[in-house]
Amino acid sequence: MKKLSFSAERKKLKKKRLCIFNEAYIGFCRQKAIKSGMCASHRGITCHMCSAQATQTCSKTGNLVCGAPLCRRHSDHFGQVRCG
Ligand SMILES: [Zn+2]
Ligand SMILES: [Zn+2]
Ligand SMILES: [Zn+2]
């Protein structure tokens, strides 16, 4: 079974001008992007670790999903930092 890799799928969405915000356990947002590959609701959401545009939410789970917005640079925030 052929499955698109994460980056391949993101590329495809970018081409179609759909939102590439990656919500933990949900996947790509896929709404119509207005700017920088982000839809109106995800555009302007800043990273929990710095002030860059967030591209995903943290998928680390304790009692609850962490869900902190993270930029590309801090996408591996889980495992390094205590979430929640
Ligand atoms: Zn979105
Ligand atoms: Zn960041
Ligand atoms: Zn987290």
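## The loop between β4 and β5

S51 lies in the loop between β4 and β5 (56–57), where helices (H or I, at least four residues) and strands (E, at least two) are DSSP runs numbered from the N terminus. This is a predicted model, in which local features need pLDDT of at least 70 and side-chain atom pairs count only at pLDDT 80 or more, while totals for chains, interfaces and linings use all residues. Residues are numbered from 1 along each chain as its sequence is written, and chains are lettered from A and ligands numbered from 1 in the order in which they are written.

S51 counts as exposed because it has 8 C-beta neighbours inside 10 Å. A residue is called buried if 20 or more other C-beta atoms lie within 10 Å of its own, exposed if 12 or fewer, and partly exposed in between, with C-beta atoms placed from the backbone. The C-alpha atom of S51 is separated by 8.5 Å from that of C71, although these residues are 20 residues apart along the chain.

C50 belongs to the loop between β4 and β5 as well. C50 is exposed because 11 other C-beta atoms lie within 10 Å. Leaving aside neighbours within four places in sequence, C50 is in contact with C71 and H74; a contact requires C-beta atoms, placed from the backbone, to lie within 7 Å. C50 and H74 are 24 residues apart in sequence, and their C-alpha atoms are 8.3 Å apart in space.

## Overall architecture and confidence

The protein chain contains 1 helix and 6 strands, and their order along the sequence is α-β-β-β-β-β-β. Of its 84 residues, 23% are buried. Among contacts with a separation of 6 or more, 20% join residues 24 or more positions apart.

The average pLDDT of the protein chain is 88, and 89% of the residues score at least 70; pLDDT is the predictor's confidence in each residue, from 0 to 100. Among the elements, strand β4 (residues 38–39) has the highest mean pLDDT (98) and strand β6 (residues 69–70) the lowest (92). Where pLDDT is low, the predicted coordinates should not be read in detail.

## Nonpolar cores

The largest nonpolar core has 6 residues: C19, I20, F21, C29, A33 and M38. Such a core is a set of buried Ala, Val, Leu, Ile, Met, Phe, Trp, Tyr and Cys residues joined through C-beta atoms within 7 Å. Apart from this core lies another, of 5 residues, including C47, A54, C58 and L70. In soluble globular proteins, nonpolar side chains tend to be buried together.

Not counting residues up to four places away in sequence, I20 touches R10, L13, K14, F28, G37 and T55.

K15 is part of helix α1 (residues 6–15). With 8 other C-beta atoms within 10 Å, K15 is exposed. K15 and G37 are 22 residues apart in sequence, but 9.1 Å apart in space, C-alpha to C-alpha.

Most residues other than glycine have a negative phi. R30, which is not a glycine, has a positive phi of about 65°. R30 is placed in the loop between β2 (27–28) and β3 (33–35), and it is partly exposed because 13 C-beta neighbours lie inside 10 Å. S36, also a residue other than glycine, has a positive phi near 50°. S36 is found in the loop between β3 and β4, and it is exposed because 12 other C-beta atoms lie within 10 Å.

Technical notes: Two residues are in contact if their C-beta atoms, placed from the backbone, lie within 7 Å.
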